[in-house]
Amino acid sequence: MVWTSRPVNQITGTLRAPGDKSCSHRALILSGLATGTSEISGLLEGDDVLNTGRVMAALGASVERIGEERWRVEGVGARGLQSPSVDLDFGNSGTGSRLMLGVVAGYPVTARFIGDASLSGRPMGRVLDPLSEMGVTYDASAGKTLPLLLTGRADLQAISYQPPHASAQVKSCLLFAGLNADGRTEITESRITRDHSERMLRGFGADVNSRRDGAANTVSIQGGQSLFAQETTVPGDPSSAAFLAAAAMISPRGGVLVEGLMSNETRDGFYRAAAMMGAPVGAEDVGTAAGERLIDMSFESADLNGAEIPIDLVPSMIDEFPILAVIAAFATGTTVVKGASELRVKESDRIKAIVAMLQVNGVRIEETEDGFIIEGGGGAVPGGGLVETHHDHRIAMSALIMGTAAQAPVSIDDATMIATSYPDFMTHVTALGADISNTAQ
């Protein structure tokens with residue numbers, strides 16, 4: 001089905017943010033490892049997260065939906081994980097698969113990891129290499145991709161490791177492996193990345209140490225610790241809310257309030273970058289959830305200006321570059337993104353996908369090795385293009401948001417993958433005033 005987003009005069013309204021995907025994955029994983037029965041509310045019920053729940057159940061946890069966005073999980077505790085009788089299918093989820101490789105590593109378990117065509121093309125060597133140093137064995141497809149068979153061990157050895165590229169998935173994978181390793185596992189990041197694993201591990205009773213040295217960050221965990229069941233409320237997802245924020249910013253008459261958002265310096269890069277470009281962004285504290293500060297955020301129409309995005313913001317907005325590119329297309333002047341080579345190994349090669357998305361809609365953009373350069377249209381984007389999504393949910397949503405303010409409708413070739421991260425996206429943006437419909441190809 002081709003989906004088409006048509007220009008509208010205003011984007012306005014109030015919405016509650018969907019549950020954060022990163023925290024939802026981790027809530028299911030940690031609840032499944034803990035001793036006792038945990039309850040989770042506000043869980044994002046997208047395909048990626050639901051696959052993580054099915055995987056935890058296949059490994060021996062009891063995972064039960066007890067209401068809308070409410071789940072009960074009885075953890076395996078001291079008995080540990082069991083070898084699954086079925087393949088562990090992660091669908092499209094790089095986060096779920098990489099985190100679970102670390103979880104399984106610390107148990108005498110053999111499991112086969114599989115995923116869809118997109119996930120099967122993404123590199124797993126970044127986590128398999130350090131896990132091998134800890135004692136894990138595996139048999140992977142060429143290029144260290146899925147499908148792969150991994151065998152963990154009860155006598156896993158702790159390591160000190162510095163990832164070649166700052167990655168929250170690598171850090172979290174090794175923290176989860178280190179939870180059951182012999183000794184202290186230490187990960188040194190060249191730049192701080194999202195810290196949900198550290199916060200949530202502490203919430204489940206683990207002792208996790210962090211220390212910063214300038215831009216660098218070192219995190220460590222002592223092996224042999226136990227986790228204990230918790231009641232967890234998942235905070236609102238700042239990555240999903242970025243699409244709603246952008247729709248307000250580029251609208252001729254925009255005014256959107258998003259309630260219950262997580263406020264975390266490792267996740268707010270998009271909002272800081274948008275403020276640099278002239279977007280009015282308001283925030284009000286409303287409480288805490290899962291160890292995270294909660295805020296309500298407001299966004300309005302803005303006369304945006306191009307900017308060079310500081311490299312130190314890149315890790316905190318790595319998922320938001322497709323929608324940043326959209327607001328940059330509407331800005332006056334040049335926007336430059338550097339230091340974002342991680343985008344090459346997302347659901348698609350997101351640098352190439354972003355460039356193609358804008359070019360087919362009449363925007364001047366230059367691809368670079370680690371980013372892109374956009375010449376904004378001063379509030380005007382021609383539109384009229386059909387965007388190839390490459391099975392990437394964030395490219396799909398970004399293109400549809402662009403269509404709400406372009407001079408001509410913007411279409412995408414597929415929207416089914418949006419359910420992986422934001423199943424209510426169409427309902428939410430339509431409630432704000434978007435005009436989106438689908439037709440058979």
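Leaving aside neighbours within four places in sequence, which residues is Val355 in contact with? They are Ile365 and Glu367, where contact means heavy atoms within 4.5 Å. Welcome to this structure, which is a predicted model: local features need pLDDT of at least 70, side-chain atom pairs count only at pLDDT 80 or more, and totals for chains, interfaces and linings use all residues. Residues are numbered from 1 along each chain as its sequence is written, and side-chain values use heavy atoms, with hydrogens and water left out.

**Around Val355**

- Val355 has its place in helix α10; helices here are DSSP runs (H or I, at least four residues), as are strands (E, at least two), and both are numbered from the N terminus.
- With 6% relative accessibility, Val355 counts as buried (buried means under 20% relative accessible area, exposed over 50%, and partly exposed in between, with a 1.4 Å probe and protein chains only).
- Thr368 is 13 residues from Val355 in sequence, and their C-alpha atoms are 9.9 Å apart in space.

**Helices α10 and α11**

- Two packed helices are described by the angle between their axes and the distance between the axes.
- The axes of α10 and helix α11 (residues 393-403) cross at roughly 20° and come within 11 Å; axes are lines fitted to C-alpha atoms, for helices over the stretch in contact, and angles run from 0 to 180 degrees between N-to-C directions.
- The two helices α10 and α11 are therefore roughly parallel to each other (angles under 35 degrees count as roughly parallel, over 145 as roughly antiparallel, 65 to 115 as roughly perpendicular and the rest as oblique).
- The crossing of α10 past α11 is right-handed, meaning that the near helix is turned clockwise from the far one by less than a right angle.
- On the α10 side, the contact is made by Arg350, Ala353, Ile354, Met357 and Leu358, and on the α11 side by His393, Arg394, Ile395, Ser398, Ala399 and Met402.
- Sorted by class, the contact of α10 with α11 has seven nonpolar, two polar and two charged residues (Ala, Val, Leu, Ile, Met, Phe, Trp, Tyr, Cys and Pro count as nonpolar, Asp, Glu, Lys and Arg as charged, and the others, Gly among them, as polar).

**Helices α3 and α5**

- Helix α3 (residues 94-105) packs with helix α5 (residues 168-178) at an angle of about 25°, and their axes are 6 Å apart.
- That angle makes α3 roughly parallel to α5.
- Here too there is a right-handed crossing, of α3 past α5.
- Among the residues that meet are Leu99 and Val103 in α3, and Cys173 and Phe176 in α5.
- The contact of α3 with α5 has seven nonpolar, five polar and one charged residues.

**Salt bridges**

- Side chains of opposite charge can pair when their charged atoms come close.
- The whole structure has 29 salt bridges (a side-chain nitrogen of Lys or Arg within 4 Å of a carboxyl oxygen of Asp or Glu).
- In one of them, Arg212 pairs with Glu265, with the closest N and O atoms 2.4 Å apart.
- Arg212 lies in strand β12 (residues 208-213) and Glu265 in the loop between β15 (253-263) and α8 (269-276), so the pair ties together parts that are 53 residues apart in sequence.
- Asp285 and Arg293 also meet through their side chains in a salt bridge (2.4 Å, N to O).
- Asp285 counts as partly exposed at 48% relative accessibility, and Arg293 counts as partly exposed at 38%.
- A network of salt bridges links Arg194, Asp319, Arg350, Asp392 and Arg394.
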